[in-house]
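Subject: Structure handover, pockets and cavities

Hello,

Here is the structure for your files.

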Amino acid sequence: MTSVEIRRLLQPPNSDEANARTLEYLNTTYKSLDDLEQESDLEALVEQSRQRLEDLDTKLAHSQSSLDAVIAQTREKAAEQLHTAQELSLLRHSLADELTFLSRELVSEGTDEGSTLLEDLEALHRSLKELESVKGYVQVIQHALTLSEAAVEQVRGSDAVKVSEYENLQAFVSSVETACSKVEDVASQPDLHILAFLENVVEQTWRNIKGVLATALIEAAERLKWPTKVDYSAATPEDRKVFETAFYNNLKLQSMGEKIRGSTDRAKEGVYPIQALAQAIALRFKYHFEGTRQTNRLDKPEWYFTHIVNEAHEHRPFMESIIQSLLASTEFRTINAWREFTLSLLPVLERKIRRTMPALLAHPPILAHTIYQALAFDTALRDEGFGLSGTTAASTESFTNADGDKQSGWQGISEVILGQKQWFEAWVEGERKFAMDQYFEIISTPDAWLIADDDGEDNGDARPTDRDLRPTNSARRAQALVEQVTDRYSPLPHYSHRTRFLTVVQLPLLESYHSRVSSSLDAFETLSSSLLRAVPGALGSGDGRDGRKLTAGVEGIQRLCKAFVSAKYLAGAMETWGEDLFFLELWAEINRRANLRTKAETIPSLPNPKVVEDEPPEGTIFEELVRHYQTLAGRAEELIVSSVAGEVESGLKGHLQGGSTHPTPTVSSDSPDDIALTESLLGPLALLSSHLAFLRGTLPRATVTSLYRRIAARLAAHLLQRQVLYRGRSRATLQETKTVLAEAELWVETCRVAMKEERGRVEAPWRSFLQSARLLAAEGDAWDTVMNATFGMASDGEWEDVMLESVGLCEFPREEVQGILRRREDCDR
């Protein structure tokens, strides 16, 4: 019951409402007076209502008393509940304070007051779990190490080879791996490090077992004087038996290891007893060449290379006789004992080279020396018969070399260096700098451009046409330098390395020398140019007289001869080199291999390579450079011809213009009493004679002959034009023509004396000038006969007979002879 209903019930009765309800009841029940009179129960109804009222009043009084009692009781309980509520409120606040305090004690709020109790408990709990895991790890490791020690002690304490404890160790490690793999599958965790550690324990245990037996073998071998040369026949039977037993024990261990450890790589393992014997030599090597002794010198790589070669050679009889016979009765009978032993010595060299290379890179000369010694070491071992066939490394005999080809055989200890691109490039760069320094030293010496004296020089490799060619000192030294570079890289095993050396070191030397000679010819042309003579100081050359002095006379020709012999000599040398087997093979490989062919196409000094399959390539590797040098030599020849002829023609200007008035009597072969030659002719004759004498004493005979013919032909053409064909309007008298003939004969005689040759050979270039002079100097019946035959009705055959009888062989056609004859004043045709 709600409080609203309680208040409503407590309200006193409403008399008005009761009266209204009574009136409404009466009106509804008794609608008229008759109805009221007819009804007899009205009084009963009133009485009934009075009794009901009394009952209600009684109940009301009783209810009022009960209500007062309930209200009083309720008030008491409410007071009690209020008091209890107040006490509970105080208790709640007290509990809240205690809870806050406890929370602060258990949960960290990021303060610096230290860890809380809960954090300490959590940390201790984690540590406990970790310690339990570590305990499990340690127990596993302890058990593995215990088994490892037991396996080693089993071999050490028994005369026979037993590896049961090692097999137990393997089984234990396998079980751990199985258990860990299950954990990894569930937890998806990465690989556990304990597995790698256990695998290392297994491997180390096997190495220790090997070490036990190897130590026993070494001790037995030391009783045979190992590692010095062993005289097996001089050893006692007991020592030999101990050695053989130890040797067989090692072989047995290797056989058992291949079975229980699965397939192993013999190329890495080697043959156990031979590896053990090599350990003693490796220790001696380490003592001498990896410590602080004076034998450990960076600049003496030949010492440790020679040491290994000597050891392999010294122990070869022992290996081939005793060790080979011991292997013959085992499953290792296919192993060549000496080759396997030599192979086991190579790792110490590889380790030595790899350790010293960083220091060698800073010293190019020592680096180069080390590489040469490594190549010599490889050659020495191959000459001894060493190879991978018959060794445990025979399975790895096939490999891809630096050229990209499949190759079989031993790569050589030099591949440790050459196989590293950085080290190889450092060596090539050092060789390039060294070669260029030597080249600059060669061309800078005071006698670099002096023509060499051939006395005592061996010129047996020169071509037959160049054997009498005397080069300059620089050309000869440049040839020696290039050949020295060839000797440096010719032992390289790979064609890619050879090509790199050729293009980076060798070709730049030849190109630089070509540029040097070419620049000297450029300078000569500049100094001797007409512009320079006309404008002193032109082109920055200083005084024009100085330039003329440098290019004129024998001194100027000497400069050209030096350039010519230098270019010609190296061109001949390159032709010889190109036909050498080494360069023929290299050129063939460059044409065959696509990668080398691509590199060669970018080098202007190399010929254009072509793809060849089975046929050898055309030309040689120096073909392009030979062409450049021959062009340079031809240019020098042309300058010699133009310079000599030009100087003589310049000297003839005064003579041809008739400037001299003081004739000098000169005996002619035809008219010794009537002909007088002018002094102006003596200078050009002397100049030509001096030039020809110098050329004859400096250049090869064939070259001098060629130059002489070109010079003489040019001078003869010049004199023919000026003295015969184009004399202007005046025509020559008989006396003048006789003078021309005498001068022509004098030219030929001067050349004959200077060249020291037969007249017939000397006269050939002058023949046109001589024939024209003889035609003009004819007189009497000879003149009439020539005139009648030339201008008359004689046939060409008859005319040729007349010319042959009069002047010898005539090279002019009939029309030109007519023009020549008309140059004489008494010719009226």
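A cavity, on a 1 Å grid over the protein atoms alone, is a set of points where a 1.4 Å probe fits but cannot get out. A pocket is an open set with protein on both sides within 12 Å along at least five of seven lines, and lining residues have an atom within 4 Å of a point. Grid points are joined across faces, edges and corners; a volume is the space filled by probe spheres set on the points.

The model is predicted: local features need pLDDT of at least 70, side-chain atom pairs count only at pLDDT 80 or more, and totals for chains, interfaces and linings use all residues. Residues are numbered from 1 along each chain as its sequence is written, and side-chain values use heavy atoms, with hydrogens and water left out.

Cavities

There are two cavities of 30 Å³ or more. The largest cavity holds about 70 Å³ of space. Its lining is Thr705, Tyr708, Arg709, Met755, Glu757, Arg761 and Val762. Helix 26 has the largest share, three residues. By class, the lining has three nonpolar, one polar and three charged residues (Ala, Val, Leu, Ile, Met, Phe, Trp, Tyr, Cys and Pro count as nonpolar, Asp, Glu, Lys and Arg as charged, and the others, Gly among them, as polar).

The second largest cavity has a volume of about 40 Å³. Its lining is Tyr439, Ala478, Leu481, Val482, Leu509, Leu510, Tyr513 and Leu570. That makes eight nonpolar residues, no polar and no charged.

Pockets

The largest pocket contains about 1400 Å³ of space. It is lined by 30 residues; nearest its centre lie Pro13, Ala18, Arg21, Leu53 and Leu56. Helix 4 gives the most to this lining, with 15 residues. The classes are 16 nonpolar, eight polar and six charged.

The second largest pocket contains about 650 Å³. Of its 31 lining residues, Leu343, Leu346, Pro347, Glu350 and Trp410 are the closest to its centre. Helix 13 supplies the largest share of the lining, nine residues. The lining divides into 14 nonpolar, eleven polar and six charged residues.

Best wishes

Conventions. Helix = DSSP H or I, 4+ residues; strand = E, 2+ residues; numbered from the N terminus.
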